[in-house]
Structure formats: structure tokens, C-alpha cells
Amino acid sequence: MSTLVVYSTLTGNTEKVAKAVFEAINGEKELKNVSEVEKTEDFEKFDKIIFGYWVDKGDADERMKKFMAKVKNKTVGAFGTLGAKPDSDHAKRCLEKVKTFLEGNGNKVEREFICRGAIDPKLLDKFRKMTAEGMTGHHAATPEAEKRWAEAAKHPNEEDFENAKRAFEGF
């Protein structure tokens, strides 16, 4: 069995988790950034594919979604990083959305994982600026949000990497 671990990363979080997942895979395997495989059909030679994405607007990032759309009738796994708690409703909805998307192409989703990751500082600056201009709501830069963002900045950490390895062990 051969396995491809392919990831998309904005801040480096998802790449770090991808490397941990890669360590847990036995047999013939390759680790690639989506930019290395998105314009080729090289992925067809793999028996299994694991997709690593960062969450954007409640779903896998667009670059990874475009690549996932090409993969059909494979045994797959998926993992993501996001700024929210991995046991939050938001994280659960993201996992379900990605799973449903992959299954829509005839893929069999065998493993899933999601963990926190530091939020892009540019995005946080944008939220702070918009809050100063009057934005309210979930992404407003409130003291509570600042605490959530500070906690997310501590991830992914060693515990997250170990959990990712366990999630894909024996895949």
C-alpha cells in the first residue's frame, strides 16, 4: 500500500501536523505540499491519500478543496487546523463538511482529525481594525476573543502532534 500525505498551509501549522501524520504511516509513503501535486495527476498512483487543510470560513481552504475535488474513489483521510477548540461545534461542522465533500466523489473516509492552530496574524490585525471601526460579533476583538486567539497561538503543540499520530496510526 502506498500513501500520499498532501497538505496546504498558510502559517505553517498544517505542515507541522502533516509531518506528524506522515511519521505514523507505515509502508510506501510521500509527503507533499498541495502546490507540488495540484497541477499533475501524480496522486493517482497512490492507494490512499490523506488531506491536510487549514480551516477557512468553516471549510477546508480553497486550494485544498480544489485538489480534493480531483480525487475520486479512493480510501482517504483528512485532518485540519483551526483557531477554535477541536471539540467545538464549529470544528465538528468543519470535519463533517470535509467528509461529506470527499464522500461526494466516491471516496471512503477512514480517518479524521482536527486540532487548534495559531491564527494568521494578518487576519487578527484585520479583526482588530474592523472592531475599531465598529464590527461586532464572533470575530470582534473582544477581551474574550483575544484570550481565545492567545490560546490558539500555543498550537499545534506536542500533544496535538501525538494525537494526530494516533489518529492515523496504521492507516
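Predicted model: local features only at pLDDT ≥ 70, side-chain atom pairs only at ≥ 80, totals over all residues.
Hi everyone. I'd like to begin in a loop: asparagine 73 sits between helix H3, residues 62-68, and strand S5. Its phi is positive, about 55°, although asparagine 73 is not a glycine. Is this residue buried or exposed? With a relative accessibility of 62%, asparagine 73 counts as exposed.

Lysine 57 has a phi near 55°, and lysine 57 is not a glycine either. You'll find lysine 57 in the loop that runs between strand S3, residues 48-56, and strand S4, residues 59-60. Its relative accessible area is 76%, so lysine 57 is exposed.

Now let's step back and take in the whole chain. How many helices and strands does the protein have? There are seven helices and six strands. If you trace the elements from the N terminus, the order reads β-α-β-α-β-β-α-β-α-β-α-α-α.

What about overall dimensions? Along the principal axes, the C-alpha atoms fill a box of roughly 50 × 30 × 25 Å. A compact globule of 171 residues would have a radius of gyration near 16 Å, and the protein has 16 Å, so the two agree. Of those 171 residues, 44% are buried. The accessible surface comes to about 9,000 Å², and carbon and sulfur atoms account for 49% of that.

Contacts tell us how the chain comes back to itself. Take the contacts between residues at least 6 apart in sequence: 79% of these join residues at least 24 apart.

Let's turn to charges. Why might charged side chains pair up at all? Side chains of opposite charge can pair when their charged atoms come close. Searching the whole structure for salt bridges turns up 11, and I'd like to walk you through a few.

Start in helix H1, which covers residues 13-24. Glutamate 15 and lysine 19 are both in this helix, four residues apart, or about one turn. Their side chains form a salt bridge, with a nitrogen-to-oxygen distance of 3.6 Å. Glutamate 15 has a relative accessible area of 27%, so it counts as partly exposed. Lysine 19 is partly exposed too, at 43% relative accessibility.

Let's stay with glutamate 15 for a moment. Which residues does it touch, once we set aside neighbours within four places in sequence? Glutamate 15 is in contact with Tyr7 and Thr9. For a sense of scale, glutamate 15 and lysine 92 are 77 residues apart in sequence, and their C-alpha atoms are 21 Å apart in space.

Next comes the pair of glutamate 30 and lysine 32. Their side chains also meet in a salt bridge, at 3.5 Å from N to O. Glutamate 30 is partly exposed, with a relative accessible area of 25%.

What kind of peptide bond joins histidine 155 and proline 156? The bond is cis, with omega about -5°. Proline 156 belongs to the loop between helix H6, residues 143-152, and helix H7, residues 158-168.

My last stop is aspartate 87. Where is this residue? Aspartate 87 is in the loop between strand S5, residues 75-82, and helix H4, residues 89-103. At 55% relative accessibility, aspartate 87 is exposed; the cut-off for that word is over 50%, so this residue passes it. Aspartate 87 and tryptophan 149 are 62 residues apart in sequence, with 16 Å between their C-alpha atoms.

Technical notes. Residues numbered from 1 in each chain as written. Heavy atoms only, no water. Helix = DSSP H or I, 4+ residues; strand = E, 2+ residues; numbered from the N terminus. Rg over C-alpha atoms; globule rule 2.2 N^0.38 Å. Buried < 20%, exposed > 50% of the residue type's maximum accessible area, 1.4 Å probe, protein only. Contact = heavy atoms within 4.5 Å. Areas by Shrake-Rupley, 256 points an atom, 1.4 Å probe, with all protein chains shown as cover. Salt bridge = Lys/Arg side-chain N within 4 Å of Asp/Glu carboxyl O.
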